[in-house]
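Biologist: I'd like to go through this model with you. Can we start once it's on screen?

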Amino acid sequence: MDLSGISPVLLLASLIVASTPILLAALGELVVERSGVLNLGVEGMMITGAITGFATAVATGSPALGFLGAAVGGAALSVLFAVLVLWLKSNQVATGLALTLFGLGLASMVGQAYNGIRAPEMGDIAIPLLSDIPVLGPILFRHDWVVYLGVALVAGVWWFLNRSRAGLTLRAVGENHDAAHALGYHVLRLRFLAILFGGACAGLGGAYLSLVRVPQWTEGITAGAGWIALAIVVFASWRPLRLLLGAWLFGGISVLQLNLQAARVPIPVEVLSMAPYLVTILVLVLISSGRGRAALAAPGSLGQPFHASR
Amino acid sequence: MIYLEKRPTPSRAWALATPLLAVLATMIVGGLLFAAMGKDPVLAIRTIFWDPLFGEFASYTRPQLLIKAGPLILIAIGLSFGFRAGIWNIGAEGQYILGALTGAAVGLAFYPSESRLIFPLMVLAGALGGMAWALIPGLLKVRFGTNEILVSLMLVYVATNLLAYAALGPLQNPEGMGFPGSRNLSQWSASANPELFTGTGIHWGVIAAGLSVLVAYVLLARHAFGFAVRLAGQSPRAAAFAGVSPSRLVLTCMAISGGLAGLAGVFEVTGPAGQISIDFNVGYGFTAIIVAFLGRLHPVGILLAGLLMALTYIGGEMAQLQLSLPAAAIQLFQGMLLFFLLAMDVLTQFRVRVRSGRAQAPQAVVAQPKPAQGTH
C-alpha cells in the first residue's frame, strides 16, 4: 500500500473531470423535473449519446462534432419519451424505464461496429493567467472545453430558472400544471422543450464518457451514471448550484476509489467499486430525513400526467 | 381535430387487446429494422417466434422455454404487487443475485454432506437473502422517506460487485485451479435442482413460478391484502381511510418481490446456471419489469407474457446463431415492445374523438357520457 503516490492536486483536478458527465446529465434532468416531468430514462439517453457521439467523432475526426451528435442523439431518444408521456399520457415511471432498456439495447447494437476503436484526442485549454495560479490553476483552469461548458450551463440554468420570465413559467408549470394551464401557458409545449433539453444534456454527458473519460466505446459504458445523476437531482433539492456540489462529491468519490485501487489498499477492488453507489444511498438517506426534507422541495406536479379537460 | 376524452372507467376490451397489438406492432417495426440491417424480415420473425416452438430443433428449444420463463414469471409476479400499489422496486436484478449468493453460500457451507435437507435450506436462504436486499430500500423509504426507485437500483450495482467478489473470493471453488466461480451446485446431488420430467425443462423453479401465479391470483381476487394493494394503487386517500397502513404496504410489497426474486436466483444457480460466476446474472430482473407490464400486472397475463418473453430470448439466440443477428437486437426488441404497450395504453384510458372545428368545442362538454353504470 502506497498512499504517497496520490497527489491532492491531481486528485482534485481529476475529480472535476470525473464529475462532468454526471453534472451534465443531472442538469438536464433538473430542468425536466422542474417542469413537472420525471424522466427515468437518463441512463438510456446517456448511453445513446455516448455511442452517437463516439460514432460521429470517429466519422468526422472532430470531437466537437461528436458532442453535437451526442446531443442530437440524446434529444432524439427523449422525443420518444415526450410523445408517450405528454400526448399519450403513459405512466412516467414505466416509460422512463422503457427508455433506459431501449437505449441500452440500441447503444449496444450500434456500438458493435465500434469496439476497440480509439476516439480522436481532445486537448485541454489552459485559461491564460488563471491557469498559472499555483494549486488552483491546475485544479480548475486546465481542462477541456466541455468541463467549462458544464459549469457555464449550471450558471445558465440558474439564471434561466431564477431570473428569466420563461424560467418562471417553467417552474409554474412544474408546481401546478392545472393552474398554469388556466393562466394560458402551454404546459405540453414547455414540457416538450424541457424534455428535449434534458435529452441533449444526457447525450453530452454520455459522450464525455466515451470521448474523454474512457476514451473508447465499451458496452455498458455508463455503468449507472444516469441513475446517479437522478439521485443528485434529489440531493440538490432541485437547485442548480447545489447540483454542482453534488456532482463534485460523486466525482470525488469515484476518483478516490480508483486511486485507492491503484495504490493497492488492502480492501477488495469490488468493495471499493461499490463505494459510489453506497455513498449515493447514504446521501439520499441524509437528504431525505431530518429538517428541510428533500421531498418538500420537489416540484408539485412531478410525475403526474397532464390532461387538459379544457 | 383529434382529441382525447378520459374514460370514466378503463376499457376492459382495450386492456386485453393492447398487449396483442403491441406484440404485432413490435413484429412489424422489428421486421423493418431487420430488413434495414439486410436480413430477411419474415425469416427473422419466424426464427424468433415460430421456430423455437415448432421448428427443426423444437425438441431442444421447447424445454428451454420453461427454463427461461420460470424466473421471469416468478420475479414479475412479485413486482406486480408493488407496481399496482405505486411502489417501484426496480432492483429485482440485485435481489435475484443476492438470492443466488445467500442460497449458494448456505449450501456450500455444508459441502460435501449429502443430506436431503440442504436443498430446502438453500431455497429458504435464497428467499430470505432476496427479501433482505429488497427490504433495504423498503425500510429506508418507510423510515427516512428515501426514493425506493433510486435505492433499489443502486443496490443492483452493489450486488453485481458482491457477486464478483464472491466468485473470486469466498465462494470460489477451492479445486477450481484458480478459475473464477464456485463449485458446480447442479452436479452436487444435495444441492442440485434437476429437470424433474425429462424433456419438459420443468425444475423446482418452474413449479414455484406456477404456484406463485396461483397464489397471486387468489391474493388479488379474494384476500384483504390484494384489496389493499389495488386500493392503494387506485386511490391512496381512499386506502388511508380504509385503514391500509402505507408503511406496512411498502414493506410487504418489497418483501414479496425481493423474496420471489431471491427464489428465482437460488433456483437458477442450483439448476440451469449451475454455479456462482461473475456473469451469473443475465438481466432477468430487468426483463421481468417488461413482463409485469406486458401482463397488465395480472397473474394470468404475467404467465402469458413470461412465456412470450422467454420465447424472444430463445428465438433471439437462434437468430443470433442462424442469421448472425446481434444479441443486442433482442434487447432492443424487448424495449420496443414495452414502448408500444405503453403508447397503446392510451386507448384503455381515453377515447379518441374527432372534432371538425373549434366552433363546436362547447358541445363536447355537454356531450360527455355519464359514468358507466352496472359494469362491475
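Biologist: How many residues does the contact take from chain A and from chain B?

Modeller: Chain A gives 42 residues and chain B gives 40. Two residues are in contact if their C-beta atoms, placed from the backbone, lie within 7 Å. Before we go on: this is a predicted model, where local features need pLDDT of at least 70, side-chain atom pairs count only at pLDDT 80 or more, and totals for chains, interfaces and linings use all residues. Residues are numbered from 1 along each chain as its sequence is written, while chains are lettered from A and ligands numbered from 1 in the order in which they are written.

Biologist: Which elements give two or more residues to chain A's side?

Modeller: Helix H3 (63–87), helix H4 (92–111), helix H10 (225–235) and helix H12 (269–288) of chain A. H4(A) gives the largest share, 12 residues. Helices (H or I, at least four residues) and strands (E, at least two) are DSSP runs, numbered from the N terminus.

Biologist: How do the residues on that side of chain A divide into nonpolar, polar and charged?

Modeller: 26 nonpolar, 13 polar and three charged. Ala, Val, Leu, Ile, Met, Phe, Trp, Tyr, Cys and Pro count as nonpolar, Asp, Glu, Lys and Arg as charged, and the others, Gly among them, as polar.

Biologist: Staying in chain A, at what angle do H10(A) and H12(A) cross?

Modeller: Roughly 25°, and their axes come within 10 Å. Axes are lines fitted to C-alpha atoms, for helices over the stretch in contact, and angles run from 0 to 180 degrees between N-to-C directions. H10(A) and H12(A) are therefore roughly parallel. Angles under 35 degrees count as roughly parallel, over 145 as roughly antiparallel, 65 to 115 as roughly perpendicular and the rest as oblique.

Biologist: Is H10(A) passing H12(A) in a left-handed or right-handed crossing?

Modeller: Left-handed. A crossing has that hand if the near helix is turned anticlockwise from the far one by less than a right angle, and is right-handed if clockwise.

Biologist: Which residues meet there?

Modeller: From H10(A), Ile228(A), Ala231(A), Val234(A) and Phe235(A). They face Pro276(A), Thr280(A), Val283(A), Leu284(A) and Ile287(A) in H12(A). By class that is eight nonpolar, one polar and no charged residues.

Biologist: Is Trp238(A) buried or exposed?

Modeller: Buried, because Trp238(A) has 22 C-beta neighbours inside 10 Å. Ser237(A) has 17, so that residue counts as partly exposed. A residue is buried if 20 or more other C-beta atoms, placed from the backbone, lie within 10 Å of its own, exposed if 12 or fewer, and partly exposed in between.

Biologist: Switching to chain B. How many helices and strands?

Modeller: 16 helices and two strands. Of its 376 residues, 49% count as buried. The C-alpha atoms fill a box of roughly 80 × 55 × 35 Å along the principal axes.

Biologist: How do H5(B) and H11(B) pack?

Modeller: Helix H5 (residues 92–109) and helix H11 (residues 246–270) of chain B pack at about 55°, with axes 7 Å apart. That makes H5(B) oblique to H11(B). The crossing of H5(B) and H11(B) is right-handed. Among the contact residues are Gly99(B) and Gly103(B) of H5(B), and Gly258(B) and Gly262(B) of H11(B). The contact of H5(B) with H11(B) has 11 nonpolar, seven polar and one charged.

Biologist: Which peptide bond is cis?

Modeller: The one from Tyr111(B) to Pro112(B), with omega near 0°. Pro112(B) lies in the loop between H5 and helix H6 (118–144) of chain B.

Biologist: And Pro137(B), where is that found?

Modeller: In helix H6 of chain B. Pro137(B) counts as buried because it has 31 C-beta neighbours inside 10 Å. Leaving aside neighbours within four places in sequence, its contacts include Asn89(B), Glu148(B), Leu155(B) and Met254(B). The C-alpha atoms of Pro137(B) and Asn89(B) are separated by 8.3 Å, though the two are 48 residues apart along the chain.
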